[in-house]
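User: I am new to this structure and would like to learn how to read its features one at a time. Could we begin with a single residue and then widen the view?

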Amino acid sequence: MATDNRGLDNQSQELFGQTPSQTVGPFFHYGLPWKGGADLVGQSGMGARPDLFPPEHCVLNVAPPHARPEGEVIEITGRVIDGEGQPVPDAMVEIWQANAAGRYASPDDVRSDVPLDPGFIGFGRAATGADGVYRFRTIRPGRVPGAGNVLQAPHIAVSVFGRGLLKRLATRLYFAGGEGNEEDPVLALVPAERRATLLAEPQALGAWRFDIVLQGDGETVFFDL
Amino acid sequence: MSLVIPYAREDAGQPPSLYPDYRSTVLRSPRQPLVHIPPTLTEVTGPAGCWDRLMGDALADLTAQHRAPPQGQRIVVSGRVLDETARPVPDTVIEIWQANAAGRYIHSKDDWDAPLDPNFTGAGRVVTDGEGRYRFVTVRPGAYPWGNHHNAWRPAHIHLSLLGPGFATRLVTQLYFPDDPLIEIDPIANAVPMPYRQRLVVRFDIDTTVPNWALGYLFDIVLRGRQATPMEDDHGH
């Protein structure tokens, strides 16, 4: 063997660099999705899968109470689907979004002219159910600036994790018919025939459907960030 | 107009999405190429600095969550969260989950015939300090068999989940232990090419070891770093 690297480890200076990604595996439910993690508006237990472990081992806290956020309450549901069209019952979906006014609750969004909302952080996490369906309750986000001094269309950043996913898959949810979709600088980078995979479709009042197809027909567009 | 400081792209140590030796990747990895997008505020922001408001308090001792201590070898895992330029990442959350000392998860879908431990859940959460340091106490997890191929065994590992400062820095990984012969034959670890795989292997450290109490291991976690020059977000590229 020309080079034997097996003696090296995490503390070796010559190896310093990005820590490699690994899958969440199938057994993350008692460790990641906390009760209420998928309800960015209220106090429900959405997001967790307490059916998958004994109640005495529920150590993740319930989401702490917060004020009701401003804006239009929406519900987003969708199914995570694999390359054979089968639902993925052990996926985890995360969202990150601006508040109704279009401000991120992040120290890296320094636009003090756009208000923060004390009731809204904008980060959520949901495990899929046995049917591959995830569900979030949140606020319809406002518009935030993008490249070229153009406002981006309202959108939600989405991450997908699961058994068989060695890396997080990153995508975006836009709202079908949403203002600014036609001029959105990120949507414009997506081949026209695939843009529909990023559009949530309206259902009943305030309800949106956003399926995530990991592979195959109608494969969701995933981003290299 | 706003300042957007982009994050570095993936380096050569990241695994591919499709790695057929790990069979579950075959039907779950995208076939279309990823679409590269320039960073916007969306990708460079994240819920930094509000972990307790979001998730609740830290859970840094996985051996103190039940009536009695769990079975197994008590260990301390400690290290720093850094970016690629070796700058510390302060006030960022690390979520932790793992199997018990016998290699069994508390999860109801884990049907391996190894004992559960009523005193061990295997879930925790810590937040880095101002210098990016973290520390948690747990027991060393056991190896366990899985169905990927004949006589497949996962090396002992602890799952870690980090958000970092922005959407772009999100990372889920696993740490492994030195001198574990199962790492070399594990398709999940092997999806990471050598020598980068060794970035996932902790180092035993006598100074982290607590006398008469627990063995200590060091594990630094390196997130994607910010490029040096802020760029004004005024043109696409």
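User: Where in chain B does B:Ala214 lie?

Analyst: Helices (H or I, at least four residues) and strands (E, at least two) are DSSP runs, numbered from the N terminus. In chain B, B:Ala214 belongs to the loop between strand E11 (203–204) and strand E12 (215–218). Please keep in mind that this is a predicted model, in which local features need pLDDT of at least 70 and side-chain atom pairs count only at pLDDT 80 or more, while totals for chains, interfaces and linings use all residues. Residues are numbered from 1 along each chain as its sequence is written, chains are lettered from A and ligands numbered from 1 in the order in which they are written, and side-chain values use heavy atoms, with hydrogens and water left out.

User: Is B:Ala214 buried or exposed, and which residues does B:Ala214 touch?

Analyst: Buried means under 20% relative accessible area, exposed over 50%, and partly exposed in between (1.4 Å probe, protein chains only). With a relative accessible area of 5%, B:Ala214 is buried. A contact means heavy atoms within 4.5 Å, and, not counting residues up to four places away in sequence, B:Ala214 touches B:Arg74, B:Ile75, B:Val76 and B:Thr209.

User: What is the phi of B:Asn212, and where is B:Asn212 placed?

Analyst: B:Asn212 is a residue other than glycine with a positive phi, near 60°, and its place is in the loop between E11 and E12 of chain B. At 85% relative accessibility, B:Asn212 counts as exposed.

User: Which other residue has a positive phi although it is not a glycine?

Analyst: One such residue is B:Asp91, whose phi is about 55°. B:Asp91 sits in the loop between strand E3 (74–83) and strand E4 (93–98) of chain B, and with a relative accessible area of 37% it is partly exposed.

User: Which residues does a cis peptide bond join?

Analyst: The bond joins B:Met194 and B:Pro195, with omega about 0°, and B:Pro195 lies in the loop between helix H3 (187–190) and E11 of chain B.

User: How many helices and strands are there in chain B, and how compact is the chain?

Analyst: Chain B has three helices and 14 strands. The radius of gyration, taken over C-alpha atoms, is compared with a globule rule of 2.2 Å times the number of residues to the power 0.38. For chain B the radius is 19 Å, close to the 18 Å that the rule gives for 237 residues, so the chain is as compact as a globular protein of that length. Of those 237 residues, 58% count as buried.
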